[in-house]
Amino acid sequence: QHSLLAWLERQRLSPVLRKETQYFCPHSSKELLDIFIKELKKQKVLLEEHVLSVQKREEYFTVTTNKRTLTSKYVVVASGGLSFPKLGASSIGYDIAKSFGHSIVKLAPALVGFTVQKEQFFFKELSGASCDVTIRVDEHECEGALLFTHKGLSGPAVLDASLYWEKGQIVIDFLPHFSWKAFKGSK
C-alpha cells in the first residue's frame, strides 16, 4: 500500500483517504486511468493470446501461449479469478500455482453483489438508491453503504459481506444504531 501510494505521488496523483481504508482519486478516476495508459505505452503488450502454461527451467521461465513460446527471467501471474468467464476469466492462474506446488483453498465468490430471485425483483424500482446499513453473516458484521441494483444489492457493505456468505440467509439492518429510546425521547 505504501509503495503504491508513493508511486502515485511521484506521478502527481494524491489519492484521498475515506473511511480509513478506501482511497479515491481527488477529482475523477480518469486521473488514474491516464497514468496507467501513459505507463502502458512504455510496455510491449500481446493481445488475443491465452497463456496455456508456465514452466521453469534453471534460471528462466517458459510461458507457452496459444501463439508462441516466450522466455523470461521473471514472471508475474496476475490473471484475476474465475468471476466472469464470458469476459475471459479462467483458471489459468490457479493452474500455474498448482504446477509450482502451491495448494489452492476452496474457491468461493467474494467481493460481489447479491442477486435476488425474480420474485424479489419488485424492488428494482429502488435501483440506484443507497443507504447505510449493517449486514450480519454468521458472526461477521459489515457496516457501510448498500446500493439497490436492478437485480439485487451491491455497495461496499454488500461486497464486504460477500466475503463471508456461503449459503443461506443474511441479516440486513436498515436502521443501524437506531434507538427506540432516543426516538421516543428518554424518560
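## Briefing on a predicted protein chain

The protein chain has a mean pLDDT of 89, and 98% of its residues reach 70 or more. The model is a predicted one, and among its elements strand β4 (residues 60-65) has the highest mean pLDDT, at 97, whereas helix α5 (residues 180-184) has the lowest, at 79.

**Sheet**

- Five strands make up an open sheet with antiparallel pairing, and their order across the sheet is β6-β9-β8-β7-β10.
- The edges are taken by β6 (114-115) and β10 (171-173), each of which has a single partner strand, so one side of each is left without a neighbour in the sheet.
- Within this sheet, strand β7 (residues 130-137) and strand β8 (residues 140-148) run antiparallel and are joined by eight bridges, with Val133 standing opposite Gly144 in β8.

**Nonpolar cores**

- The largest nonpolar core has 12 residues, among them Phe114, Phe123, Val133, Ile135, Cys142, Leu146, Ala157 and Ala161.
- Two or more residues of this core come from each of β7, β8 and α4 (156-162).
- Cys142, itself a member of the largest core, is in contact with Val133, Thr134, Ile135, Ala157, Asp160, Ala161 and Tyr164, when its neighbours within four places in sequence are left aside.

**Largest pocket**

- The largest pocket holds about 830 Å³ of space, and its lining is made up of 25 residues, of which Glu49, Val51, Val63, Val76 and Ala78 lie nearest the centre.
- At least two lining residues are supplied by each of β3 (51-57), β4, β5 (69-72) and α3 (92-99).

**Backbone angles**

- Asp138, which is not a glycine, has a positive phi of about 50°; Asp138 lies in the loop between β7 and β8 and counts as exposed because its relative accessibility is 64%, over the 50% cut-off.
- His177, also a residue other than glycine, has a positive phi near 65°; His177 is found in the loop between β10 and α5 and is exposed, with a relative accessible area of 67%.

Note on methods
Residues are numbered from 1 along each chain as its sequence is written. This is a predicted model: local features need pLDDT of at least 70, side-chain atom pairs count only at pLDDT 80 or more; totals for chains, interfaces and linings use all residues. Side-chain values use heavy atoms; hydrogens and water are left out. Two strands pair if DSSP finds at least two bridges between them. Helices (H or I, at least four residues) and strands (E, at least two) are DSSP runs, numbered from the N terminus. A nonpolar core is a set of buried Ala, Val, Leu, Ile, Met, Phe, Trp, Tyr and Cys residues joined through side-chain atoms within 4.5 Å. Buried means under 20% relative accessible area, exposed over 50%, partly exposed in between (1.4 Å probe, protein chains only). Contact means heavy atoms within 4.5 Å. pLDDT is the predictor's confidence in each residue, from 0 to 100. On a 1 Å grid over the protein atoms alone, a cavity is a set of points where a 1.4 Å probe fits but cannot get out, and a pocket is an open set with protein on both sides within 12 Å along at least five of seven lines; lining residues have an atom within 4 Å of a point. Grid points are joined across faces, edges and corners, and a volume is the space filled by probe spheres set on the points.
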